[in-house]
Amino acid sequence: MTEISENNPIYLDYQATTPCDPRVVDKMIPYFYEKFGNPHSRNHAYGWTAEAAVEEARKKVAHIIGANAKDIVFTAGATESNNLALKGVAKFYGDKKNHIITCMTEHKCVLDTCRHLELEDFNITYLPVQPNGLIDLKNLEAAMTDKTSLVSIMAVNNEIGVIQPIKEIGKLCRSKGIFFHTDAAQAVGRIPLNVDEMNIDLLSISSHKIYGPKGIGALYVRRKPRVRLVPIINGGGQERGMRSGTLSPALCVGFGEACSIAEKEMFEEVSRLKKLKARFLTTLRKELKNIYINGDEEKRIPSNLNISFAYVEGEGLMMGIKNLAVSSGSACTSSSLESSYVLKAIGVESDLAHTSLRIGFGRFTTEEEMDRSAQDIIVAVQKLRAMSPLWEMAQEGIDIKSIEWAGH
Amino acid sequence: MAYSNKVIEHYENPRNVGSLEASDKQVGTGLVGAPACGDVMKLQIKVSDDGIIEEAKFKTFGCGSAIASSSLITEWLKGKSLDEAQTIKNTQVAEYLELPPVKIHCSILAEDAIKAAIKDYRIKQNS
């Protein structure tokens, strides 16, 4: 194995993307050259072979969420799926119903799409979340009106990994005759999902979050009761008219295989990851005081930890753990001084939000890597606390909130 | 984001980390920035009877550029008179450390810290 270094760091950013599983890549390869046909070509064997592969993949994608293959629309990824679900439903039903409910901690692609819909005179309710990151069903019910066409609530949050009460949300939406869309990009393969049992009408999936190739995803669109959409991409009418454009059989096959593996191995993988997480946290907590987990500690996927290391600034900390590829909880790296809107929404104060790391691990993370990572973090946090004026004040018993700071 | 080698060097080997006795009459303390903004610098100077900065110490909560900026100014401050110290500008810090535009505020904070420490020292002397 190559030595761990700054240029070859331990990968702990599985919520951003995952490596393609070698078994997935193996299945994809024939579809680049030997079986290169256009799956929409109806007149010859090249087309038929490609079409058969795409349809087989569609079944596998459908299977992991308990859906029928006919309900799966392939897209370029979860961002497109979310755009299609929100804009598609909003516009189709807009004459009679012009209200959509979502929540403040959704992925940017949902929030930004909603902002655009607002510019087109749709009304959007952005539900707050509780300190544990979950929405309050009572708030959801109170926000519903006879003008509400759609509720869009993510299954698992990309920053803090918390699992929303999807089944309860689905039940409530169904009872009110409101469609329910869930962005399941972070949920598929990590928690069991069943569109019928959970009354989900639309569901977005991303391939590259589940060890499949980048550039493909899917939107599940329920047929009974039927959900209708105005397409956002027009053309040859592929994907039941909901998403025109030639499909890539290689990407479809890879995505399908990724779903199949995830479905088969989820149970074992989750129990292995739970153990990794527990071991990692125990080590950190033994050596470091004043660390806080953001988001519900129980109702979360086992492969995500969002941790605030009080009195140590996140970006400075990232520099101290350069052999680890993690994501900072604060958005300081991106030209703004704003901290994460997700952490803000769960009530993490901005001084603590600036001290956060998102640590995501997964299928290929080893126990050795987690142990090494814990040690690197401990060393860096201890070093930075030793040079932190805030840590010094805290040790002297000074409440940093009692000081009048001059903002800048 | 790529940091300059100078930022990395100061981050990895910060100079003059620590604290001086804040109640000492010869010591001036500057505490600038805010936790909510992600940067807090504490700069302390110890001034000799003939008005020369003989010691400078810092503690910083912030990104690598903030730590490097404060480390750098402690080096620059030592041996300077207060009037000379007053002339240190954020642009000099930013230029030396090759800070990108989004990190200019770190150098501004460093300049503010110098001014605050000198002010604190002068208030103490005059009281």
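This is a predicted model: local features need pLDDT of at least 70, side-chain atom pairs count only at pLDDT 80 or more; totals for chains, interfaces and linings use all residues.
**Stop 1: helix α4 of chain A**

Select residues 108-119 of chain A, which form helix α4. At 1.5 Å a residue, these 12 residues should span 16 Å, and the end C-alpha atoms are 17 Å apart, so the two values agree. Next, colour A:C109, A:V110, A:L111, A:T113, A:C114 and A:L117, which are buried. Show their surroundings: the buried residues of α4(A) pack against several elements of chain A, including α3 (78-93), β3 (99-103) and α9 (341-345).

**Stop 2: helix α5 of chain B**

Move to residues 104-126 of chain B, helix α5. Its 23 residues should span 33 Å at 1.5 Å a residue; the end C-alpha atoms lie 34 Å apart, which agrees. Among the buried residues of α5(B) are B:H105, B:L109, B:E111, B:I114, B:Y121 and B:K124. Partners of the buried residues include strands β1 (27-34) and β2 (39-47) and helix α2 (64-77) of chain B.

**Stop 3: the interface**

Show both chains. Here 29 residues of chain A are in contact with 30 residues of chain B. About 2600 Å² is buried between the chains, and carbon and sulfur atoms give 67% of that area. There are 4 salt bridges between chain A and chain B. To view one of them, select B:K59 and A:E392, whose side chains meet at 3.2 Å, N to O. On the side of chain A that touches chain B, α8 (314-320), α10 (350-353), α11 (367-386) and α12 (389-395) each give two or more residues. The largest share, 5 residues, comes from α8(A). By type, this side of chain A has 14 nonpolar, 9 polar and 6 charged residues.

Definitions and conventions
Residues are numbered from 1 along each chain as its sequence is written. Chains are lettered from A and ligands numbered from 1 in the order in which they are written. Side-chain values use heavy atoms; hydrogens and water are left out. Helices (H or I, at least four residues) and strands (E, at least two) are DSSP runs, numbered from the N terminus. The expected span of a helix is 1.5 Å times one less than its number of residues. Buried means under 20% relative accessible area, exposed over 50%, partly exposed in between (1.4 Å probe, protein chains only). Contact means heavy atoms within 4.5 Å. Buried area is the accessible area (1.4 Å probe) that two parts lose on being put together, summed over both. Ala, Val, Leu, Ile, Met, Phe, Trp, Tyr, Cys and Pro count as nonpolar, Asp, Glu, Lys and Arg as charged, and the others, Gly among them, as polar.
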